[in-house]
Amino acid sequence: GVDSFLQRIGRSNRRSNKTNVVCLIPDYSTSVLIDALQFAALIDAASKGDLPNREPYELFGAFSQQCLSVIGSDNGRYTRIKDLCDLVNHKIYFSRDIVESILAELSSSGFLRSHDYKNQYGADQELYRIVDMKLIYGNFGIGSQTINIYHGKKLLGEIPIINLLRLRRNSKIRFAGKCWRVINILKSEGIYLDPTPSTTDVIDLTYGGNAIPSDPFVINRTWELLHSKNIPINIFSRDLQKKVVALLEEIQRICSINQIPTVKIEDMIIYFTFAGSLVNRAVGLYTGKTDFKADNISLQVSSPINWTSIPNDPLRFEEFFPVLFESNSEQSIYQKMLPLHLQEREFIQHWVKDKEISKILNRLSQSNIIQIKDSSIFLKILLS
């Protein structure tokens with residue numbers, strides 16, 4: 001997102017008045033041009049000070065961390081539930097029932113221990129472990145923190161640091177198609193493994209679910225940029241500049257910003273919405289397309305969609321909220337510790353609190369469908 005993009009640039013250089021930012025597109029990119037244009041959309045929005053318009057989110061995972069931090073900083077002593085409730089008494093969406101459900105979940109997973117007869121919670125074994133591993137001090141996404149794994153001096157790879165919560169010495173894991181036994185865990189260095197022939201009681205590593213989804217604001221901004229006369233061409237390499245110009249000329253020739261380019265391939269219809277994966281999934285569910293496929297820029301279905309029937313109000317999709325929820329590597333360790341219904345409720349904030357969602361829904365519901373030819377440069381790029 002634009003906000004996190006600016007924040008990372010700010011953190012990268014605090015000692016001079018200039019920071020160089022380079023966009024590196026990975027080998028697994030399905031479309032180098034589209035990824036490059038998303039970067040251009042970030043630059044364009046950031047340079048103009050255009051940020052997503054969002055209402056404050058309801059944050060439950062942060063409370064999990066605060067509870068554990070408070071109890072851990074007091075050497076694990078029992079703390080009254082009332083005192084933990086007081087941490088969030090300024091947040092109207094926190095009730096005592098919600099606080100107690102979070103504490104009960106932390107207790108069932110071994111981080112906290114409830115007092116036998118007092119309304120208090122103290123530390124349990126897993127809390128002491130995350131303090132020792134220094135995981136108590138940050139609330140970062142699972143995908144942003146990794147730890148190296150070794151066989152002897154050979155680096156085998158890296159895995160999300162959340163796996164430290166489940167691994168012990170002599171634990172067996174599956175990695176790169178082989179089974180390994182954990183022989184040592186050094187938080188500052190990594191996890192050391194030896195091969196093992198045993199395939200029983202093997203732990204499957206956690207990778208945090210799906211990749212971090214792109215911000216709908218950036219995807220929608222990319223669509224707007226494709227129809228702009230003022231795209232910052234100079235930020236691209238010379239080779240990319242020619243391709244970007246050719247793409248812009250093609251898309252501006254075949255459709256307008258208020259149209260949805262569409263192609264039919266065999267028995268499937270592909271709508272290029274540039275709406276983001278969350279919106280595309282929601283539309284697929286709302287229209288009852290059980291076999292749909294959705295990504296950031298397209299929605300693939302087997303029968304036509306009546307786009308005028310798509311509501312502009314994100315709350316009209318409420319019945320699909322449990323299905324829209326998906327675990328991803330943006331979730332923090334502490335969000336993963338929440339009861340499932342609160343994980344879902346926190347995730348759906350991206351849908352109900354982000355004003356860009358209703359803006360995108362409004363664009364789609366008012367757009368006309370435009371059929372594009374199989375020979376289109378635009379189509380070849382999107383389907384590459």
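Modeller: Gladly! A salt bridge here is a side-chain nitrogen of Lys or Arg within 4 Å of a carboxyl oxygen of Asp or Glu. The model is predicted, so local features need pLDDT of at least 70 and side-chain atom pairs pLDDT 80 or more, while totals for chains, interfaces and linings use all residues. Residues are numbered from 1 along each chain as its sequence is written, and side-chain values use heavy atoms, without hydrogens or water.

In total, the structure holds 20 salt bridges. Asp3, Arg54, Asp215 and Asp354 are joined in a network of them.

Let me start the individual pairs with Arg221 and Asp50, whose closest N and O atoms are 3.0 Å apart. Arg221 belongs to helix α7 and Asp50 to the loop between α2 (32-48) and α3 (61-73), so this pair ties together parts that are 171 residues apart in sequence. (Helices are DSSP runs of H or I, at least four residues, and strands runs of E, at least two, numbered from the N terminus.) Arg221 is buried, at 11% relative accessible area, whereas Asp50 is partly exposed at 30% (buried is under 20%, exposed over 50%, partly exposed in between, with a 1.4 Å probe and protein chains only).

The loop between α2 and α3 also holds Glu58. Glu58 pairs with Arg345, and their closest N and O atoms lie 2.8 Å apart.

Next come Glu126 and Arg168, with 2.7 Å between their closest N and O atoms. Glu126 sits in helix α6 (residues 125-132) and Arg168 in the loop between β5 (154-160) and β6 (172-175), so distant parts of the chain, 42 residues apart, are linked. Glu126 is buried at 11% relative accessibility, while Arg168 is partly exposed at 28%.

Finally, back to α7, the helix that carries Arg221. Helix α7 (residues 216-226) packs against helix α14 (residues 355-365) at an angle of about 40°, their axes being 9 Å apart (axes are lines fitted to C-alpha atoms over the stretch in contact, and angles run from 0 to 180 degrees between N-to-C directions). Pro216, Phe217, Asn220, Trp223 and Glu224 of α7 meet Glu356, Ile357, Lys359, Ile360 and Arg363 of α14, contact meaning heavy atoms within 4.5 Å.
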